[in-house]
Amino acid sequence: MANLVLAIFGISLLMIVHEAGHYVFARLAGMRVTTFSIGFGPALWKHKPKGSPTTFQLCLVPFLAYVRIAGMGAVEEESDPKDPGLYENKSLRARALTILGGPLANYAFASVAIFALGLAGWPETQVTSPMIVDAVVEPAASAGVRAGDVVVEAAGTPVHDVRDLAKVTSTRAGIETPYVVERNGERLAPIVIVPREANGRGVIGISAKTTTTTRRLGVGEAAKLAVVMPAAVTAQNVAGFAHLAKTRSTEGVTGPVGMTKEVAAQVARGPYAFVLVLVAISIALGFFNLLPFPFLDGGRLMFLAFELIAGRRPNRTGEALVHAAGMLILLGIAALVTWRDITG
């Protein structure tokens, strides 16, 4: 339960960071931010600092976060061309930076965390032999593989470590494959598993036990890693989304439930693993929100790009309808993957 609570706290922190990015850039541009909410549902606590237009609140369900910027809401929201605090009355540059603020904050969080971790002691993982199973998910879990088992053979090929296992499995997505394991020193009959496809390669849901040491990096090395690692993770995200678009499948997409489970699992592995998984999720949130899809930050930037090219603003009602449609599609996908995370 403690791991689960920490996982929820960690993911909520990333949402707060994202919304804080929007908030900071909006305030720097002189926009009026009326609400900064942590969580959703009935408000448990509210505070409006003296001289501030913003009401800060903590809600019953402390998951997700949002900011409400005047002039950026619904079509029926009051519009006053003389009000300098409205989003719609600000320059194109100010509005674009306000939209970009959320994803930029997620990337900044990841870079700062990587830099700090590098100075404190960067974890370096060594592959160990034999291939001892550390954790199991589907499809290996249903096939009978357990944590602590030693994988010694895959499809007739000897397995010495996780690299051997991955090499055999990666080319066998959707193909029945026999795996031989040893349990408590006894070799069991072959276990047949059908690897599932994930990002174009076969996986069976097994992670290996590894040994981890830490090494303190110099300031320059830590700074370089803080720039290189987010770029590398983003490239992996791009490849993953390209594969999803090609296959037209949501296989491999994780919803809030699956994400929380994964973070909780990393919490159990220690603080280094916890921070690293938050770094990966923060980068993924920043990247995902930049996708040019309605309702996302990237979708809003597309409308600003139209304004820049066409020299006029898009129809406000039409833009609102497009974002509403995008929201419904995203909610549908989220419901699908959440159901799969719960029942899978």
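Start by selecting Tyr 23, Phe 36 and Phe 56: ring pairs join these three into a cluster. Keep in mind as you look around that this is a predicted model. Searching the whole structure turns up 5 aromatic pairs, so let's visit another one. Select Phe 241 and Phe 287: their ring centres sit 5.5 Å apart and their planes meet at 65°, so this pair is edge-to-face. Phe 241 belongs to helix α5 (residues 219-247) and Phe 287 to helix α7 (residues 271-289), so the pair ties together parts that are 46 residues apart in sequence.

Phe 241 is partly exposed, at a relative accessible area of 33%.

Phe 288 is partly exposed, at 29% relative accessible area.

Next stop: helix α4, residues 162-169. Colour its buried residues, Leu 165, Val 168 and Thr 169. Look down the axis of α4 and they fall within an arc of 95°, so they line one face of the helix. What do they pack against? Show the strands β4, β5, β6, β7, β11 and β12 to find out.

Finally, zoom in on the start of α4, where a side-chain oxygen of Asp 161 comes within 3.0 Å of the backbone nitrogen of Arg 163.

Terms used. Residues numbered from 1 in each chain as written. Predicted model: local features only at pLDDT ≥ 70, side-chain atom pairs only at ≥ 80, totals over all residues. Heavy atoms only, no water. Buried < 20%, exposed > 50% of the residue type's maximum accessible area, 1.4 Å probe, protein only. Helix = DSSP H or I, 4+ residues; strand = E, 2+ residues; numbered from the N terminus. Arc of directions from axis to C-beta. Contact = heavy atoms within 4.5 Å. Polar contact = N/O pair within 3.5 Å; in protein donor to acceptor, adjacent residues only side chain to side chain. Phe/Tyr/Trp six-rings, centres within 6.5 Å; stacked < 30°, edge-to-face > 60°.
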